[in-house]
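Subject: Structure for your review

Dear colleague,

Please find the structure below, followed by an account of what was found in it. I would be grateful if you read the two together.

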Amino acid sequence: MKNKLIVAGVILTCLVLLVGCGDENWKPLNVEIVNHEKGCLALEEESITALREGEDIIVTTVFSTSVPCYQIKSISAQEKEDKIEVKIKLEREEGACIECIGFQKIIFRIKNPLFYPEINLELQVEVDGQVLIPSLTAYGIR
């Protein structure tokens, strides 16, 4: 009987820890691509800017890739309090591609996030299954 109580206690403790370490109340957000430009890197610098437009946030990001020939596979966003995380996945287009260091300029709209005086936005980009590091962060979106 004592062993059954110990096993039940261990199971209950594990469940509490799993629930407590779950998604930490992240809420999915609607996000859409507004524009995607690509080409050979020239004067572009890696950057991320974000501005409020009504109830939405418009984000423009520029980052380099090994070649310019990538298409957006998916984009998702989630929020928790005053933090927004966006994940963009790119995959290489089929066919021939010009050989140069590429850039990707992506403009996207985050629809109706919670309103906070300032929002911190973190962007994670995955190219061909590998995460680009470091992630780009925009602090204090007003």
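A disulfide is taken here as a pair of cysteine sulfur atoms within 2.5 Å. This is a predicted model, in which local features need pLDDT of at least 70 and side-chain atom pairs count only at pLDDT 80 or more, while totals for chains, interfaces and linings use all residues. Residues are numbered from 1 along each chain as its sequence is written, and side-chain values use heavy atoms, with hydrogens and water left out.

Disulfides

A search of the whole structure finds two disulfides, and the bonded cysteines, counted along the protein chain, follow the pattern 1-4, 2-3.

In one of them, the sulfur atoms of Cys40 and Cys100 are 2.0 Å apart. Cys40 belongs to strand 1 (residues 27-40), and Cys100 to the loop between strand 5 (83-92) and strand 6 (102-111), so this pair ties together parts that are 60 residues apart in sequence. Strands are DSSP runs (E, at least two residues), numbered from the N terminus. The S-S torsion of Cys40 and Cys100 is about -90°, so the disulfide is left-handed. Cys40 is partly exposed, with a relative accessible area of 32%, whereas Cys100 counts as buried at 18%. Buried means under 20% relative accessible area, exposed over 50%, and partly exposed in between (1.4 Å probe, protein chains only).

Cys69 and Cys97 form a disulfide with their sulfur atoms 1.9 Å apart. Cys69 lies in the loop between strand 3 (56-65) and strand 4, and Cys97 in the loop between strand 5 and strand 6, so the pair ties together parts that are 28 residues apart in sequence. Here the S-S torsion is about 90°, so the disulfide is right-handed. Both Cys69 and Cys97 are buried.

Two glutamates

Glu79 is located in strand 4 (residues 70-80) and is buried, with a relative accessible area of 2%. A polar atom of the Glu79 side chain lies 2.9 Å from the backbone nitrogen of Leu114. Leaving aside residues up to four places away in sequence, Glu79 touches several residues, among them Trp26, Ile84 and Pro113; contact means heavy atoms within 4.5 Å.

Glu46 sits in the loop between strand 1 and strand 2 (47-53). Its C-alpha atom is separated by 8.6 Å from that of Phe103, a residue 57 residues apart from Glu46 along the chain. Again not counting residues up to four places away in sequence, Glu46 touches Val62, Phe63 and Ser64.

Yours sincerely

Terms used: Helices (H or I, at least four residues) and strands (E, at least two) are DSSP runs, numbered from the N terminus. A polar contact is a pair of N or O atoms within 3.5 Å; within protein, one must be able to donate a hydrogen and the other to accept it, and residues adjacent in sequence count only if both atoms are side-chain atoms.
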